[in-house]
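Q: I have a model open on my screen and would like to learn how to read it. Could you take me through it, feature by feature?

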Amino acid sequence: THWIIQTRKGDKIRESIGALPTHILLPGDYTVLAKSGGQIYQRDFDVADGEMQRIEVLLNEQAGAPN
């Protein structure tokens, strides 16, 4: 899976390849793109000061569309 983390304005912050990448980000609003199997999945998320979180990008099984 090819991962791209960018600001909500579209400025690229990080890029990696692998199943479960780990990144440390400054507080802010981000969008993650996951490219796999010819599909692109996207999710917006926020990081607060001192917060640790796991962000998952999952296929929405009911709609068959990225989540």
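Q: Which residues lie nearest the centre of the largest pocket, and how many residues line it?
A: A pocket is found on a 1 Å grid over the protein atoms alone: it is an open set of points where a 1.4 Å probe fits, with protein on both sides within 12 Å along at least five of seven lines, and lining residues have an atom within 4 Å of a point. In this predicted model, 19 residues line the largest pocket, and Pro21, His23, Gln53, Arg54 and Ile55 lie nearest its centre. Strands β1 and β4 (39–47) are the elements that give two or more residues to this lining; strands are DSSP runs of E, at least two residues long, numbered from the N terminus.

Q: What classes of residue make up the lining of the largest pocket?
A: Ala, Val, Leu, Ile, Met, Phe, Trp, Tyr, Cys and Pro count as nonpolar, Asp, Glu, Lys and Arg as charged, and the others, Gly among them, as polar. Here the lining has 13 nonpolar, three polar and three charged residues.

Q: How many salt bridges are there?
A: Side chains of opposite charge can pair when their charged atoms come close. The rule asks for a side-chain nitrogen of Lys or Arg within 4 Å of a carboxyl oxygen of Asp or Glu, and the count comes to three. Asp46 pairs with Arg8, with the closest N and O atoms 2.9 Å apart. Asp46 is in strand β4 and Arg8 in the loop between β1 and β2, so this pair ties together parts 38 residues apart in sequence. Asp44 also meets Arg8, at 3.8 Å from N to O. Through shared partners, Arg8, Asp44 and Asp46 join into one network. Glu15 and Lys12 form a salt bridge at 2.9 Å, N to O.

Q: Is Thr7 buried or exposed?
A: Buried means under 20% relative accessible area, exposed over 50%, and partly exposed in between (1.4 Å probe, protein chains only). Thr7 counts as buried because its relative accessibility is 19%.

Q: Where is confidence lowest, and where is it highest?
A: pLDDT is the predictor's confidence in each residue, from 0 to 100. Confidence is lowest in strand β6 (residues 65–66), at a mean of 42, and highest in strand β1 (residues 2–7), at 95. Where pLDDT is low, the predicted coordinates should not be read in detail.

Q: What conventions apply here?
A: Residues are numbered from 1 along each chain as its sequence is written, and side-chain values use heavy atoms, leaving out hydrogens and water. Local features need pLDDT of at least 70, side-chain atom pairs count only at pLDDT 80 or more, and totals for chains, interfaces and linings use all residues.

How values were computed. Helices (H or I, at least four residues) and strands (E, at least two) are DSSP runs, numbered from the N terminus.
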